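Student: I would like to learn how to read a few backbone and strand features. Could you take me through them one at a time?

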Amino acid sequence: MSRLLMCPPDFYGIEYEINPWMRVSNQSNGDRARTQWQALTQVLEKEIGVKLEFMEPVPGLPDLVFTANAGVLHDGKAVPSRFRHPERQREEGHFIDWFAKKGYEVISLDAEWDFEGAGDLLGFPEFWFGGYRQRSDIQAYERLSTVFQKEILPVELVDQRFYHLDTCLCPLSGGELLYFPHAFDVYAQTVIAAHVEQTKLFAVPSSEAERFACNAVCVDRQVILPTGCPETMEWLAQHGYTPRSVDLDEFLKAGGSAKCLTLALD
Amino acid sequence: MNTQTISLQGHIIDSLILAKVLDTIVMLGGTFTLSEVAIGTRREDLSHATIQIEAPTTELLQEILTAIQPHGAVVEAEQDCAVVPAPADGILPEDFYATSHLATQIRWQGNWIDVLQPEMDLAIMVKTSPLSATMVPMGSVKKGDLILTGRKGIRVFPLERPKERDVFGFMEAKVSSERPHRHIIADVAKRMKTIQQHRKEGNGSGKVLFAGGPAIVHAGGREALAWIIEEGYIHVLFCGNALAAHDMEASLYGTSLGYNLGIGRSVPHGHEHHLRTINRVRALGNIQQAVESGVIKEGIMAACIRQGVPMVLAGTIRDDGPLPEVITDSIQAQEAMRAALPGVELALLVASTLHAVATGNLLPASVPTVCVDINPAVPTKLSDRGSFQAVGLVMDSSSFLRELARELGWKG
C-alpha cells in the first residue's frame, strides 16, 4: 500500500512572496483551504486506498503543508531539503525530526548547495530527473546520485512560475510522463524527449500547466490532479488511467497543488 | 590567452549538461579543450570531465565562468607541478611527463612559465636558477636533473589557427593526390617571400627549413632548388649523404646515380660516379672546401655554401663514404638537427621518408609544415607519427620545386 506524508493546513497562509504565484494581497481563505485539503485526503484514503501519515503543523510555518519539499526518501534513507529561501529554512528541523523519529537514516547534504526535496527530484524506477537553477543547485544531484545509487538527469528550469520540477513534470506509474515543455531549456526538453517514448509523453497545454496539471499524484493507475485540466484528464483516460480532479485553488495561491501537498514515503 | 581549467561531474552526458557547458563556452566567444573525460560504466555511475577554457580577455573568461558555474562547473584550484630528480644519467624518474609538440606551460611556485621549444615525446627539465623549463630527450638527462612528473601544474595549448588565411589555416593533415597543388604551392611561396622580406628589413629572423632526399636530383629538381637557395629563400638544410653526393656528382659528371641528367641515359661506369665524387670531396677535406676550391661549381651544395646556409647531414646504415660532414651517430645527428630548429617558421619536407619523419617529429606543432612526396605513404606516416600540422602534397619533387621556384620568380 502506498504511504504519503501530509501536514494539515492549520497555519497555512500567504505570509511572504517567494514565487510568482504568491501575493500577500491575495490571501488564502483558511476554511476553504482546510475543506480542499480534507477533500484531497478523502480521495487519497477512501477512494484510492492510500495510507496517510500526518505531521504536526507548526505556527509561523505556513508552507509546512507542502510536504513534498521535506526531502527525498528512498530505501530507508532520507535526505532532507536545504531550502533556498530563509522563509522556508525554518521548516528543515521539523522535517529532519520527523524522518529520524520514523527510523529513516538521515543523510545531510553539503551546506553549500540548495536542494528542495521531492519538489525537484522525481522520476521512474530506472532513473530520476533533477530540476535545477530555480530552487535546487545542480551540484546536489551528484551527491544524491551517490547516496541513492540512481542516475539523476539534471534538467534546467527556466520559467519562474514553474520553480519546482513537480510543477511542470509528472512521471506516471506506467512510464508515461506529463510535462510542460516551455518550463525547460532546450537541452532539458531534448533530454526528456530522448528518455520517454513519444507515445508516452504528454505535453500539457499551457492553460492547464498554469492550473498545475503536472502537480499531480499518481498511485498505480489513479491520478489526482487539480480541477480545470480537461485535456490532461482526457489524455490520462485514453492511456488507461483514472483521473480524479480535486479543487485545490487555495493552494495554487501559494504555487502548490496535489503533489506539493504530499510526500511519498515508500 | 587567458585560461582556466574547470571540472564537471555527475550524469553530465545523457543530461546534455556537458554539451550545454561546451556550447555556452563557444557561444560566449571562448574556446575549450576537453583534457579528460571519464564516462561511468554503469547507469548510476558518475561521469567526469576536465575542460580547459580559453578566452581572449580576462573579462570574457570571467563571464564564461559565471555562465557555466550554475550548470555544475567547478573551477579547479591550480597546483604547482611536481619534479623528481633523474635517478641516473639517461634515466627518467618513473611517472615522468611525456611531452607533446604543442605549446606547454608549467606552474612553478605559483607562476606559469613557458616550456621552451616544444617537441613531442620528450621529458620536461626544470632549472631553478635562473628559472627555466626545457624539453629534453631521455638520453640527454643527467643524474639529479629535475624532471617533471605526473600531470599536475601542466597546461598544453591547442594549436591556434594562424592569422594568415592560407593552406596552413586549415591545419589538416589530409593527404590526397587528387587535390589541386597550385594554390598550396602559391601559399608556400607567399610565406617564403614574407619570411625573406622580414629578414631583409631586419624585423625578423625567421627561417625556412628544407629537408630533402636524393630523388630531387634524380627527378630533375636540382636546378630549381639550387636557384631557390641562391636567392636566399632557404635558411637551414637537412639531408643525408645521398642528396649531397648525387648533387655534387651532377656537378662533376653531369649524372645522378650514373644517369646522364641531360640525355636521360645511363653512361658507361656511371654507377661509380657518386663514389668517385665522395672520394674526391673526402680528399679535399669537406664539402665547403670542395665548393670554395672551385671543384664543385654549382648545384644545391654549392648554393648552400655560397649563401652560408647551415646544413645538417645525417647518416644512415649503408651510406657510401660517407661525406665528411655526415654525422654518423644518430643521437648526435638528432642533437644537431634540434639545435638548428629555433627560429624555423616554415618547413619543407621533400622526397625523403626518413628525413621527413625525423624532421617533422622534431618540430613544434606551431611550425607550418609541408610534406611533398610522390608516395602518399610518406605524409600519411608523418601525420600518423603525430605531426598533425603537416600539409601533405602527393606529387613529384621536381614538379613541386620547379613550380615553387617559378612562383618565387625563377625563369627556368
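Tutor: Start with how elements are named: helices (H or I, at least four residues) and strands (E, at least two) are DSSP runs, numbered from the N terminus. Residues are numbered from 1 along each chain as its sequence is written, while chains are lettered from A and ligands numbered from 1 in the order in which they are written. This is a predicted model: local features need pLDDT of at least 70, side-chain atom pairs count only at pLDDT 80 or more, and totals for chains, interfaces and linings use all residues.

Student: Where is B:D121 found?

Tutor: B:D121 sits in the loop between β7 (111-116) and β8 of chain B. Its phi is near 65 degrees, a positive value in a residue other than glycine.

Student: How many C-beta neighbours does A:D220 have inside 10 Å?

Tutor: First the cut-offs. A residue is buried if 20 or more other C-beta atoms lie within 10 Å of its own, exposed if 12 or fewer, and partly exposed in between; C-beta atoms are placed from the backbone. A:D220 has 14 such neighbours, so it counts as partly exposed. B:D121 is partly exposed too, with 14 other C-beta atoms within 10 Å.

Student: Which residues does a cis peptide bond join, with omega about -10 degrees?

Tutor: B:S129 and B:P130. B:P130 lies in the loop between β8 (123-128) and β9 (131-136) of chain B. Another cis bond joins B:G321 and B:P322, again with omega about -10 degrees. B:P322 lies in the loop between β16 (311-313) and α10 (330-339) of chain B.

Student: Is strand β17 of chain B mostly covered or mostly open?

Tutor: Mostly covered: six of the seven residues in β17 (344-350) are buried.

Student: Which strands pair with β17(B)?

Tutor: Two strands pair if DSSP finds at least two bridges between them. Strand β12 (207-212) of chain B pairs with β17(B) in the parallel sense over six bridges. There, B:V208 has B:L346 as its bridge partner. Strand β18 (369-373) of chain B also runs parallel to β17(B), joined by four bridges. B:A347 is partnered by B:T369 in β18(B).

Student: What handedness has the crossover from β17(B) to β18(B)?

Tutor: A crossover is right-handed if, with the strands pointing away from the viewer, the path from the first strand over the helix to the second runs clockwise. Here the chain passes through helix α11 (353-362) of chain B, and this β-α-β crossover is right-handed.
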